[in-house]
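Here are my notes on this one, as numbered points. Have the structure open while you read.

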Number of protein chains: 4
Amino acid sequence: MAWKRGDPIRNGADYIESLHGRELDVYLFGKRISEPADHPIIRPSINALAATYDLAVDDPDLASAPSDLTGGTVNRFLHVTKSADDVVAQNRMQRRLGQLTGTCFQRCVGMDAVNALFSVTFDIDETHGTSYHQRFTTWLTEMQRLNVVIGGAMTDVKGDRSKGPGGQADPDLYLHVVDRRPDGVVIRGAKAHQTGAINSHWTLVMPTARLTSEDRDYAIVCALPVDAPGITYVYGRQSSDTRSMEGDIDVGNAQFAGQEALVVFDDVFVPSDHVFMDGETEFAAELVERFTAYHRRSYVCKSGVGDVLIGAAALIADYNGVPKASHIRDKLVEMSHLNETIYGLGMAASHESIQRAAGNWEPDSLLANSCKLNVTRYPYELARLAQDLAGGAVVTLPSEQDFDNPDIGPVLEKYFKGRPGVPTIDRVRALRLIENMTMGRNAVGYLTESLHGAGSPQAQRIVIERGSDIEGKKRLAERLAGIEPAD
Amino acid sequence: MAWKRGDPIRNGADYIESLHGRELDVYLFGKRISEPADHPIIRPSINALAATYDLAVDDPDLASAPSDLTGGTVNRFLHVTKSADDVVAQNRMQRRLGQLTGTCFQRCVGMDAVNALFSVTFDIDETHGTSYHQRFTTWLTEMQRLNVVIGGAMTDVKGDRSKGPGGQADPDLYLHVVDRRPDGVVIRGAKAHQTGAINSHWTLVMPTARLTSEDRDYAIVCALPVDAPGITYVYGRQSSDTRSMEGDIDVGNAQFAGQEALVVFDDVFVPSDHVFMDGETEFAAELVERFTAYHRRSYVCKSGVGDVLIGAAALIADYNGVPKASHIRDKLVEMSHLNETIYGLGMAASHESIQRAAGNWEPDSLLANSCKLNVTRYPYELARLAQDLAGGAVVTLPSEQDFDNPDIGPVLEKYFKGRPGVPTIDRVRALRLIENMTMGRNAVGYLTESLHGAGSPQAQRIVIERGSDIEGKKRLAERLAGIEPAD
Amino acid sequence: MAWKRGDPIRNGADYIESLHGRELDVYLFGKRISEPADHPIIRPSINALAATYDLAVDDPDLASAPSDLTGGTVNRFLHVTKSADDVVAQNRMQRRLGQLTGTCFQRCVGMDAVNALFSVTFDIDETHGTSYHQRFTTWLTEMQRLNVVIGGAMTDVKGDRSKGPGGQADPDLYLHVVDRRPDGVVIRGAKAHQTGAINSHWTLVMPTARLTSEDRDYAIVCALPVDAPGITYVYGRQSSDTRSMEGDIDVGNAQFAGQEALVVFDDVFVPSDHVFMDGETEFAAELVERFTAYHRRSYVCKSGVGDVLIGAAALIADYNGVPKASHIRDKLVEMSHLNETIYGLGMAASHESIQRAAGNWEPDSLLANSCKLNVTRYPYELARLAQDLAGGAVVTLPSEQDFDNPDIGPVLEKYFKGRPGVPTIDRVRALRLIENMTMGRNAVGYLTESLHGAGSPQAQRIVIERGSDIEGKKRLAERLAGIEPAD
Amino acid sequence: MAWKRGDPIRNGADYIESLHGRELDVYLFGKRISEPADHPIIRPSINALAATYDLAVDDPDLASAPSDLTGGTVNRFLHVTKSADDVVAQNRMQRRLGQLTGTCFQRCVGMDAVNALFSVTFDIDETHGTSYHQRFTTWLTEMQRLNVVIGGAMTDVKGDRSKGPGGQADPDLYLHVVDRRPDGVVIRGAKAHQTGAINSHWTLVMPTARLTSEDRDYAIVCALPVDAPGITYVYGRQSSDTRSMEGDIDVGNAQFAGQEALVVFDDVFVPSDHVFMDGETEFAAELVERFTAYHRRSYVCKSGVGDVLIGAAALIADYNGVPKASHIRDKLVEMSHLNETIYGLGMAASHESIQRAAGNWEPDSLLANSCKLNVTRYPYELARLAQDLAGGAVVTLPSEQDFDNPDIGPVLEKYFKGRPGVPTIDRVRALRLIENMTMGRNAVGYLTESLHGAGSPQAQRIVIERGSDIEGKKRLAERLAGIEPAD
């Protein structure tokens, strides 16, 4: 039975259908495009998101969970964690989706934002007597029922990085409230490199950083449908993006890719029911920290992507006839080790979750940040090792069209042959996948997003510094050194 | 009330008392020593073990647990894990003891051996119809009741490393059964660098490696009291060990140290009741793997030791007047990050425990090995960073006696002064602690034991290779690259 | 005065002119292209080579040298080294060209091959009484006079890497002689990822590896004009290559790029005058080793490219308003340090050159290989650090056409603004340059070619092992340890 | 013919003789010792220095050079460089002495100070019309004639590191002039961890850091005989130092060690003839920079020490029967590679020397600092890898006395046996040498001195930052990115 607007989304096919016919203002290559879901550059990113729906069908234990809000089973990406095991289950699901797509599937920001806001709205209400939590759960219940994709819009464009929101030459360089009306607020600004922005149904707007009491207008959290009037999207380019328009081999991973876009809010109205923070500046940092406690260990998804890269590297070693060479095995072991180190830290953070007053569970912040800091390093080393195993052909292969050419194709077939028994074209495909993940479309997600997504490495270092209890550690050292403790 | 032989050990003081008056054959500096527990070089290692008793008194939740065998509460080091949480609790206790002692407290080998043997004896019985498991639990129940220290003797001296037990010029280079009698077996051989050997009450002898079916006499597991006739101990030297005989400052950590010894078994008789494997060669590898699944994540203790080192480094930066310098803070953050990475992997391995047929829980092997592989690297980098923050004085300070000398002492007091307000001698103590942990007595445990304890890095790599499912990962890559899967 | 065929090439413009009107068989994107020099994807690689001509005009001391063969001044890329200073001067020139082009300028293979062959042909003649050296210098004199580009074709396609030339299912997987005629030889095979192949005038064909005495037909060295009948070129794809056809911003470095191609030799005839080795199998390894002694330290060019990347990273930090942040300065210092480490090792190798019997000078092999091994690592870390400083926008910027669009362009102008005073488009350009060098067209040369060019890391390790005199080092250790030396 | 005071020193034996009978105020273990040269802890450091004399006899080309001052041949450690080749020759000599002693031979500070002062005194005179250069060369000529050891005293004790000389609570925490008399100056203060201080004949006192114009009294450079009235030495402890008093095996390297001491100047008079700077504060930084340009590449000595460690690691692998295991060979290669990287950077710095106005040659500062920064890292990794190859026994071996004991000795002989054919005691000696170099006496010089000697890593980073011409690199990037250059 075909899906129609207003129905809950049941699977990936419904999801893709749900993206059609919307009035989104999307720019790509200098043109406003009418049906983004059908654009060959955008479609692979939609496929990746669709995988989050299909996994819930194929493996419901892994990718769905019972909701206290709806009383039914909901997609895990929309679920409020009720235990540390729920937090851990997110990581398992993320690794699996990384394995299935080899890229960013774009639904974690919403999952992590929902969970952070669940507790922050509760705490604001406790402090200020507001009713954000009720508003939020009402909205979330509906989201769960419809099974939509929620994006999160956090990263402001920031202008001069040496100054905060209040110090910018142009106040719009951080998103802020420009008007308050009886029935809602009007916001202006832009959020940069928003993951899956165009593939979402709703967006949660959140501040990006600690705010001072003067920054009241910047302390805004709200939910908007992605097609709210006044929102414009400009699609972000990726390395080798146009190969998605060429064929299916040279792109490396024809089916899946990530997506990031600039989202511009040009005086967009948000009704009060969808406002979940407005002016409570002291909770901005709190929100960022709780969100990143979730989101920085969500990067275990990269260990799933790493599994694919390890597999591709092993495949090419096999095709080259040298899977047993000791230095090759050793490099595969090193890749696995680094990959499991990423995974282990994320899992530890999730297992060590704490419960918030609102009742939901949140990962350990120190371990989550340590997880992410490893993510800013190890995928780059995995990529280097994969290229090492791949050999130089990973960046010098002729094009797919050359292989198809009747004159030169057979010559290439002859000369790019690996060990007997392996079709030349399979060798080419494995190499193209490695290229895709290490300097092509999906290198964006596997490498640079690993560096900057959920905050750049320096942001993790700051949290680690705060969380590492240096004073307590000094006391340990004093005791063993025989030093009278400082008071 | 004074402890007397046969009583359960209640605390650290009882424990130390329990070590007196034994007939141990111990050599140190070329002499047989009569009362090892009182030797100034040995005592710090005993203090470290005593801390495992005192912690169970001070924080019973952390360091003890209810036993199904005795029906009462037992020290966690003697406990058979009944859940993943039990496995995790071991890691928490280990980090805490690392923080309290700044060294190896020597009781983990026994804990991990007990848990590995609990399931392995069960499985041997299932296969062979033997009754090892019953023997083992009977023995263990008594150990729990008495609250003794169980050591584990696994590492054979190995001779020519290119050959296995059967290929050695001297068959004794791996411990083996030299006689089988109606009432027990006679064993001969030696186990190298056995942690806490002299500080234990009982020892579990186990094979060190995978065995072939010809190696039947090497497939021996048994328990012996440490003072069984025929056992000789030769104390292992440590860097700067004799400083423990000098005073309390230059040794760096006057109270605590580790201990390793060569244990020689010269035709030692073991009654049948204490034999838990004899000839079932195919279970040797299984035992090693289960033991190392526990023991390789037990190295999270080093994150507790790392906490002390981070504290000492922060202390000296403070004493030098530059705790806020950005490069110093950055190095402390890096130390914390690496330290938490060690901890996180161990915790993940424990949280992800599996249940064995015998009922007890065992850490995830892949994560445990990845934990240990990080332990073979990061403490060295932490040590380097600590020395960086310490400055050159960490290795060029005059001796304690110079500071005590009435002529030169005041001059040193003047010239080794750091920032105002810090006693010079505290600065000296902090530096000596860093020296102790990075190239003194406790560097042995913090660095080299981190490298080789529970198996050298290459051993971890082998397990990681086996556990990383390269074939499964190839399938993931083939799917995304559009390659028809190999069958 | 316009250049015409047969004239010496005087500068970059002449050089580009010299590439026109040739009958090359070149395939790109599945089509045979008629005038490669004018193709927008190929042209940037030609510009990079042209820079080697222009530098010789602009800075003759750096990029030219007096030749004993012609008696005049020749381009340094064609010069036979007459002193260690000559070898060093190559490195200085290479760093400068890396700085000027930000990519691979493709003329080093020829320079290094010429120098290796100068001594190897001499030594073959000494052994076998052949006259290769005279042939070679006669040919080289003419090359110097004409000031042409000489490429080197060494890397065979290799098929099953577990087997040598003789073990392949298809004998053509290593290039070999298929016919010997009175006046010359006929060769067949293919050389993979040949740098600047299409931009050269002549190519030196050389074996790729150590050969056994059975591999006689594979021991062939000869020179061919690139348009010799039977040679076909298939252009290698690079990440984001088609951006060169789009405009000038998104490509990042509009002017310069590298080039690699598959070169197929389909029964190509080579007259005897241009054959410089034929069957002297024992000199194949010698040639490879001498060539790589030059070529592995030629990779100091990457320190010139690194200078550009460091500059781009500093630029973006400046544009973001945070050039003084301590962690940013620290990362720039780390980049510089790694970059100078690459340079220093190459320079040391060149300064420590030895003189060959033929009279020319050759870099120290151990240092050259150590240089290259660092090159397989550090550019990747420099790239990671550059992306760290760049921020996420480096991979999520909208396209050039979006900035040009009258509707969305001004919005992007507003929101991608950095600190006041910096044109937004300059910020975009700096980011695109970083993208270009870390995951775009020139990442191919800066990263993957750094890994595999002049041999993959394992090849360097083998030479380092051989060159590190482990036995001599054992003697040093024995002496200090008080061990009677083994004989 | 026996050496007598006033004679030139001809060789190591003379040198040792020259140290006897001096009235030095030396404290060690809380006692003033009468004849330091005969103390078993001090003697190994004297032996290391003696090797610098013997090498000049055994290999005069390597360790001596013709002097323009004396007109004769002088020890290279006293020589003023007359060419870049002279600077390079220092490095070759240093690596050789590292190989011969396995430790710090303590004579480089003087060599480097002499060369730095040669040009700085010249430049001060040019600016201020003083006559320091003449004074200095007169003094140096006499030093060369006598062939004495010149030490350099630079590192002040520094107190509160957040403040300079003028900001300290106690002005003596930086050495300064406390009185100026017609015939000379009186100085007070202390210099920390002075290499070879007690083994020298003369000391050059120099400021440790950049000075402001207020710091005039701290801008003092002068030469003193080490037994000048008012100087006191307090010997610095080293890890495991007392093993030098035990026997010859456990110390690891019985013959050679380093030495560092605190040198206290308690109102010491210096006659004007020996004052080479007094108050010219603007030249303090210049002196430090020139000195460190020499001294930071002098750390190539550590590659000589590294050669010994690599040899010891290879030896133990051989003794263990596994020299051909791929992971062991791979680790040896990695050690060699890192070691050559140290060497190569130093050699590059020396080869790229510049000539100063005074006529002497000085290493390239950027490369010298990059060399030293690698030295702060790689020896630690070499040490870790050596311990990896050594196995756990490197830190758990019984004592020498145990091996000598008639009861337990034969048992140890049996059980510490490696592969057949290797005497057990040789295996022990090789292990003790590795212990010595990685956590014993010579680890002080190989590791911690590598970190802090010639300035801690942060000092190198500052010079690298200054030398890396970031602005020039920005121009390179702008040009390629198509950005109009900033002016």
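**Notes on the C–A interface and the cysteines**

1. Between chain C and chain A there are 37 residue pairs in polar contact, both at pLDDT 80 or more (N or O atoms within 3.5 Å; within protein, one must be able to donate a hydrogen and the other to accept it, and residues adjacent in sequence count only if both atoms are side-chain atoms). On the side of chain C that touches chain A, helix α15 (residues 441-452) of chain C gives the largest share, six residues (helices are DSSP runs of H or I, at least four residues, numbered from the N terminus).

2. Ground rules: this is a predicted model, with local features needing pLDDT of at least 70 and side-chain atom pairs pLDDT 80 or more, while totals for chains, interfaces and linings use all residues. Residues are numbered from 1 along each chain as written, chains are lettered from A and ligands numbered from 1 in the order written, and side-chain values use heavy atoms, without hydrogens and water.

3. The rule finds eight salt bridges across the interface of chain C and chain A (a side-chain nitrogen of Lys or Arg within 4 Å of a carboxyl oxygen of Asp or Glu). One to look at: A:Arg237 and C:Asp250, at 2.9 Å, N to O.

4. No disulfides turn up over all chains (cysteine sulfur atoms within 2.5 Å). C:Cys104 is in none, and its nearest cysteine sulfur, that of C:Cys301, is 6.4 Å away. C:Cys104 is also buried, at 10% relative accessible area (buried is under 20%, with a 1.4 Å probe and protein chains only).

5. D:Cys371 is buried too, at 0% relative accessibility.

Methods
Helices (H or I, at least four residues) and strands (E, at least two) are DSSP runs, numbered from the N terminus. Buried means under 20% relative accessible area, exposed over 50%, partly exposed in between (1.4 Å probe, protein chains only).
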